[in-house]
Amino acid sequence: MKHLVALCGPVLFAVAGGVQAQDWSGVYAGLQAANASGTYRHYDSGVISPANTSPIDGDHLGGFVGFNLQSGNLVYGAELGYSNGDLLVGGSTIYFIEDMVDVRARVGYAAGKALFYGSVGWAMADQHWDDGVVTNSPVDVDGLSYGLGVDLMASDRVFVGLDYRHVKLVAGEGDIGGFPLVETNSDLDILTLRVGMRF
């Protein structure tokens, strides 16, 4: 461990302090590809059973647009993202989540050509159930999102990034038509690859 610290220390110092920080201010936009996994829970009158807990997994494609303000090495901004693709509940095509929108604030630190940031925001999506007999589609679900990420300048205007978010999507009692005592929530871990351009 001491050898690892000794090797990494000079590298981190060079990135953070030995290279002038990139200017990240201004408007940016780009494309993103995400993988999401997590757990879906179904409550009836506030009660949940093991049979009403299922895994969620799937891929989304989409885009994002945002704006940064920079003061020294600190970067502040806001971002709007959209992605679409079926996040399947329990591997079933009957029950899935799609059309996700995420509005979030970001605060970061610019070091060399890298921007390290944290984010917090609000996510919204459509939750579908359609087995050919009972159809409740779409149901609006929403909730808090938060995460960490890093963007790296590949040229003067183009950057690539890796972003992690935890998102909780909730449909409260009364939100699902015809089922006034049913509540659902989905905890998602979303890992996203991003390619963007500054304008």
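Two strands are taken to pair if DSSP finds at least two bridges between them. Strands (E, at least two residues) and helices (H or I, at least four) are DSSP runs, numbered from the N terminus. In β8, Asp163 is the bridge partner of Gly149.

The model is predicted: local features need pLDDT of at least 70, side-chain atom pairs count only at pLDDT 80 or more, and totals for chains, interfaces and linings use all residues. Residues are numbered from 1 along each chain as its sequence is written, and side-chain values use heavy atoms, with hydrogens and water left out.

From the N terminus, the order of elements is α-β-β-β-β-β-β-β-β-β.

Strand β7 (residues 139-153) pairs with strand β6 (residues 114-129). The two run antiparallel and are joined by 14 bridges. Within this pairing, Ala125 has Val141 of β7 as its bridge partner. β7 also pairs with strand β8 (residues 158-171), again in the antiparallel sense, over ten bridges. Four residues lie between β7 and β8, and the two strands form a hairpin.

The protein has 199 residues, and 39% of them count as buried (under 20% relative accessible area, with a 1.4 Å probe and protein chains only). Its accessible surface is about 10400 Å² (Shrake-Rupley method, 1.4 Å probe). Carbon and sulfur atoms account for 67% of that surface. Contacts (heavy atoms within 4.5 Å) were also sorted by sequence separation. Among those between residues at least 6 apart, 62% join residues at least 24 apart.

Notes: Buried < 20%, exposed > 50% of the residue type's maximum accessible area, 1.4 Å probe, protein only.
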